[in-house]
Amino acid sequence: MESVTVPSNRPATRAAARVPRQRRQPRGPGDLAVDLPMAAPVPPPPPADEPVAAVVVGAAASSRSAVLTAFLDGESLPDLRPPESFLVVRHGTVERIAAFLPGWSQPWIVPARSARSARSGAGLALPRPPRRVEVIRPDASLRRLSLVDSPDLETLRSAGATVLLDAAVRGGALVFVVGAGPPPGQIEHELLRRALGAGVAVFVAITAAGVQSAGESFQRAELLAAVPELEQAPWHSVDAATGDAVFLRREVTDWAAREALHRAGAGLADQLAFDEPLTLPSGGPAVDWSERLDRVVRRIGQRVRHTLAIELANLHLAAVRELLFGGGPAGIPGFLDRELLTLSLHASAACAVGVDDAVDEVVEQVFGSDPAQRLGPLLREQLRGRLLGDPPTAVAEGLLTTAAGRCEPVPSTVAGPSTVVVDVFAAYPVQRSRCTVPPIGVALAADCWHPRGGPSGMAPDQARSWIQQALRAVEIALSQEIALRFAAVRRGLANLLADAIDSGDAPG
């Protein structure tokens with residue numbers, strides 16, 4: 001099938017992609033602007049250390065697996081993940097399979113024997129469903145990019161779709177599979193529109209089953225009628241029976257090579273901008289700069305906590321609705337865990353945006369508006385080094401909600417200094433170096449899935465009380481962690497500004 005290359009709409013550097021403060025895009029682990037309209041500016045590209053990836057989404061699991069198998073030259077993947085978990089396939093010299101379970105300090109390594117038995121349909125016994133399963137293999141097709149297979153969209157709902165789109169924005173590409181079964185609906189159309197609006201490169205793969213079931217031309221016409229922007233996207237037919245995915249694989253890998261160079265160039269341009277000498281204004285800072293700093297950081301921290309309190313109130317209503325009219329007590333652990341994963345993205349992104357706003361506002365109030373454009377990024381870079389340095393800031397990177405209705409912090413020292421604790425809470429790998437403040441993950445502990453003590457074995461009235469108690473505990477613990485982060489930001493900014501004022505030079 002004839003293909004059309006997607007024109008790149010990503011700016012050359014992150015500085016060129018800067019948006020006004022009132023419309024700033026999140027840059028934490030949740031790069032997706034979930035609360036902004038589609039007309040919002042294109043978010044800045046991820047930094048150079050963010051790996052390039054393509055998220056496979058769309059049709060049923062069998063059609064997506066067929067596309068992945070064809071992409072990997074006929075090498076099938078072990079079928080061992082739960083339906084609600086993400087699958088990340090990336091390159092490595094030693095083949096390994098690992099499941100990431102919140103609460104476990106290290107990935108759960110799957111033995112090769114279990115992986116072989118999984119190919120025959122046997123499941124994998126784990127204490128709780130993992131947020132993601134990673135397969136590392138020495139495949140030449142994976143040298144330039146990783147592949148991410150998403151769960152079925154009908155099981156993800158809005159919360160899971162937010163997580164999926166976050167992975168697509170950070171990875172850079174989305175492969176939309178059209179296979180046998182019902183044609184794409186409103187959920188798929190909205191996902192594609194939001195992905196294209198966020199600057200994600202979209203590729204459409206129509207499997208042979210999709211062609212036979214509805215006709216390729218009809219599928220294309222229907223998709224284009226709902227999402228006209230797909231006219232500029234590459235379309236490819238994939239025959240899983242013969243492994244014919246040559247053109248799709250070539251186009252996606254060529255895009256990945258260009259994207260990796262683009263990100264590296266953007267990171268180099270940013271570094272060169274940091275290396276340019278910058279002196280502070282000769283007039284000196286405002287006399288009451290310390291008091292202004294305290295007021296700004298306190299106000300923005302309160303704004304972030306208030307926003308997340310509203311999110312939790314909405315989550316409480318949704319959980320009660322799921323309990324009464326959805327899957328009942330048995331479906332509450334899975335429902336809440338997906339919602340808490342989305343809450344983690346919201347919390348981390350809200351903190352990242354809040355810190356950026358605080359730094360820019362403080363610089364503008366202390367030194368005036370002229371140096372704010374260059375001094376703000378310098379201060380954020382220095383602040384990142386201080387807050388994520390060794391030893392790290394004494395905050396928890398994870399919160400686990402137990403079957404007793406308590407929310408317990410997971411200290412950052414559990415997994416050791418070289419491991420990102422929040423990464424085991426994520427459905428898509430987290431790069432800690434890209435965060436100004438440490439990100440945070442929220443999840444249910446393994447005992448919440450046990451019928452004896454968890455909500456799945458409770459009567460509806462008991463489960464409703466448990467939901468209220470558990471989410472209240474999450475709200476308190478999350479508010480405390482956010483307060484600790486902004487207190488660390490206030491101390492770090494005060495020290496950086498004091499050093500800069502005493503020396504008369506910008507921080508370097």
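Trainee: What volume does the largest cavity have?
Mentor: About 160 Å³. Keep in mind that this is a predicted model.

Trainee: Which residues are closest to the centre of the largest cavity?
Mentor: Glu84, Arg131, Asp337, Arg338 and Leu341. They belong to a lining of 16 residues.

Trainee: What classes make up that lining?
Mentor: It has nine nonpolar, two polar and five charged residues.

Trainee: Which helices each supply at least two residues of the lining?
Mentor: α3 and α9 do.

Trainee: How many cavities of 30 Å³ or more turn up in the whole structure?
Mentor: A search finds four.

Trainee: Switching topic. How many residues are in the largest nonpolar core?
Mentor: That core has 55 residues. Leu336, Leu383, Trp466, Leu478 and Phe486 have the most contacts inside it.

Trainee: What is Leu383 in contact with, leaving aside neighbours within four places in sequence?
Mentor: Val355, Val359, Thr436, Val489, Gly492, Leu493 and Leu496.

Trainee: And what does the second, separate core include?
Mentor: It has 36 residues, among them Val57, Phe86, Leu156 and Leu196.

Trainee: Let's take Leu156. Where is it found?
Mentor: In helix α3, which covers residues 153-171.

Trainee: Is Leu156 buried or exposed?
Mentor: Buried, because its relative accessibility is 3% and the cut-off for buried is under 20%.

Trainee: What does Leu156 touch, not counting residues up to four places away in sequence?
Mentor: Phe86, Pro151, Ala161, Leu164 and Arg338. Phe86 is also in that second core, and Arg338 is in the lining of the largest cavity.

Trainee: How far apart in space are Leu156 and Pro83?
Mentor: 9.7 Å, C-alpha to C-alpha. In sequence they are 73 residues apart.

Trainee: Now α1. Which of its residues are buried?
Mentor: Ser63, Arg64, Ala66, Val67, Leu68, Ala70 and Phe71. The helix spans residues 61-71.

Trainee: What about Asp73, which follows α1?
Mentor: Its phi is positive, near 60 degrees.

Trainee: Is Cys351 buried or exposed?
Mentor: Cys351 counts as buried, at 3% relative accessibility. Cys407 counts as buried too, at 15%.

Conventions: Residues are numbered from 1 along each chain as its sequence is written. This is a predicted model: local features need pLDDT of at least 70, side-chain atom pairs count only at pLDDT 80 or more; totals for chains, interfaces and linings use all residues. Side-chain values use heavy atoms; hydrogens and water are left out. Helices (H or I, at least four residues) and strands (E, at least two) are DSSP runs, numbered from the N terminus. Buried means under 20% relative accessible area, exposed over 50%, partly exposed in between (1.4 Å probe, protein chains only). Contact means heavy atoms within 4.5 Å. A nonpolar core is a set of buried Ala, Val, Leu, Ile, Met, Phe, Trp, Tyr and Cys residues joined through side-chain atoms within 4.5 Å. On a 1 Å grid over the protein atoms alone, a cavity is a set of points where a 1.4 Å probe fits but cannot get out, and a pocket is an open set with protein on both sides within 12 Å along at least five of seven lines; lining residues have an atom within 4 Å of a point. Grid points are joined across faces, edges and corners, and a volume is the space filled by probe spheres set on the points. Ala, Val, Leu, Ile, Met, Phe, Trp, Tyr, Cys and Pro count as nonpolar, Asp, Glu, Lys and Arg as charged, and the others, Gly among them, as polar.
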